[in-house]
Amino acid sequence: MKWAAMDSTCVETQTFYFMADTGKLAFAQVIYSNVAGIRTTCQFNCKIFSTDASKPQHWSSTPLNHHEFSEDKTGFYATDCALELSEDGTSYTIKSMNDPQSIVNLKVTRVTPGFVAGKDGKTLFGTDLTHPWGSMRHAFWPRCIAEGSIMTKDGPIDFKGRAFFVHALQGMKPHHAAAQWNFVNFQGPTFSAVMMDYTTPPSYGSTIVGVGGLAKDGEIITAGTTCSAKHLKTKQDTENDWPEPTEIKYSWTGTTKDGKPVEATIEGPLGNKVDRIDVMAEVPGFVKKIVAGAAGTKPYIYQFHPSGRNIPIELKLKIGDEEIIERGQLMSEATFISAIE
């Protein structure tokens with residue numbers, strides 16, 4: 001989980017997703033961005049989702065000053081902000097006082113091993129893979145416990161509960177890496193199911209790449225690239241023409257370490273989105289410069305939390321001959337950047 005902190009164009013993030021025992025949903029994120037090796041900027045984002053459609057999301061995004069990394073590149077520091085990995089490598093503390101409306105003091109402890117797909121978690125782009133044009137990397141802690149709080153203007157919100165952590169690196173311009181994304185984070189009493197699924201732009205063959213896994217306390221059940229996210233039903237967004245998903249099917253297949261076949265699915269309606277993010281309106285100016293020059297890019301993120309809309313979500317899991325159905329909380333995203341047809 002070391003920061004790459006590349007000297008060339010990249011966007012690198014560490015994102016922690018929280019599902020509190022109270023039903024509250026949030027994430028905290030550090031973004032490191034480099035534009036062509038000319039300018040490096042860092043940002044701390046924090047969001048507490050509103051389950052009440054009449055109330056706004058609690059969103060905080062602040063630029064960070066004087067950033068630096070620990071000697072071993074596992075820790076990130078900036079003025080009034082620290083992201084630290086424990087010495088034993090099992091927990092992170094996330095602290096930020098950059099925004100008085102959103103003071104973050106959280107701890108995430110993994111209860112399963114982390115995983116990457118392949119030997120290093122990288123997806124390479126280009127015709128010569130010894131000298132790729134770009135790369136993507138994802139590393140996951142799929143099942144964690146969380147403690148701590150986020151202080152808002154209305155008081156502290158306790159986030160004791162479940163968590164999921166992903167470290168992502170796009171070692172290239174974001175719109176060259178992917179045209180569309182799906183993100184899945186399911187946390188149940190016993191099982192977790194996570195996935196990043198993206199479709200490359202037509203210039204890279206509209207290739208679908210999935211990275212995901214299934215976990216329970218103490219073990220990874222299966223992990224790898226045999227997972228997919230399908231939008232079974234969509235509705236046209238009247239503001240930007242993107243096909244907003246309304247019903248989905250997320251699938252994972254693989255084998256356990258002792259060779260048993262594994263299949264898992266989450267299928268059903270998403271309910272009304274909890275938010276739609278106009279990326280170009282939200283991202284800092286320096287990231288706009290990376291994307292704005294690309295014709296036909298109009299990135300939007302659709303975020304869903306069916307449990308917060310009182311829609312039950314079930315993970316159907318088959319391990320060998322054993323069939324399990326578990327209800328849990330789902331947080332998912334569908335991101336559209338550019339057309340793939």
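In this predicted model, Asp80 counts as partly exposed, with a relative accessibility of 42%. Asp80 sits in the loop that runs between strand E6 (76–78) and strand E7 (81–85), and, although Asp80 is not a glycine, its phi is positive, at about 60 degrees.

A positive phi of about 60 degrees is also found at Asn310, which is likewise not a glycine. The loop that holds Asn310 lies between strand E22 (300–304) and strand E23 (313–319). Asn310 has a relative accessible area of 70% and is therefore exposed, the cut-off for that class being over 50%.

As for the cysteines, a disulfide is in general a covalent bond between the sulfur atoms of two cysteines. The structure holds zero disulfides. Cys144 is buried, with a relative accessibility of 0%, and Cys227, at 11% relative accessibility, also counts as buried because the value is under 20%.

The table collects the accessibility values of the residues discussed above.

| Residue | Relative accessibility | Class |
|---|---|---|
| Asp80 | 42% | partly exposed |
| Asn310 | 70% | exposed |
| Cys144 | 0% | buried |
| Cys227 | 11% | buried |

Conventions. Residues are numbered from 1 along each chain as its sequence is written. This is a predicted model: local features need pLDDT of at least 70, side-chain atom pairs count only at pLDDT 80 or more; totals for chains, interfaces and linings use all residues. Side-chain values use heavy atoms; hydrogens and water are left out. Helices (H or I, at least four residues) and strands (E, at least two) are DSSP runs, numbered from the N terminus. Buried means under 20% relative accessible area, exposed over 50%, partly exposed in between (1.4 Å probe, protein chains only). A disulfide is a pair of cysteine sulfur atoms within 2.5 Å.
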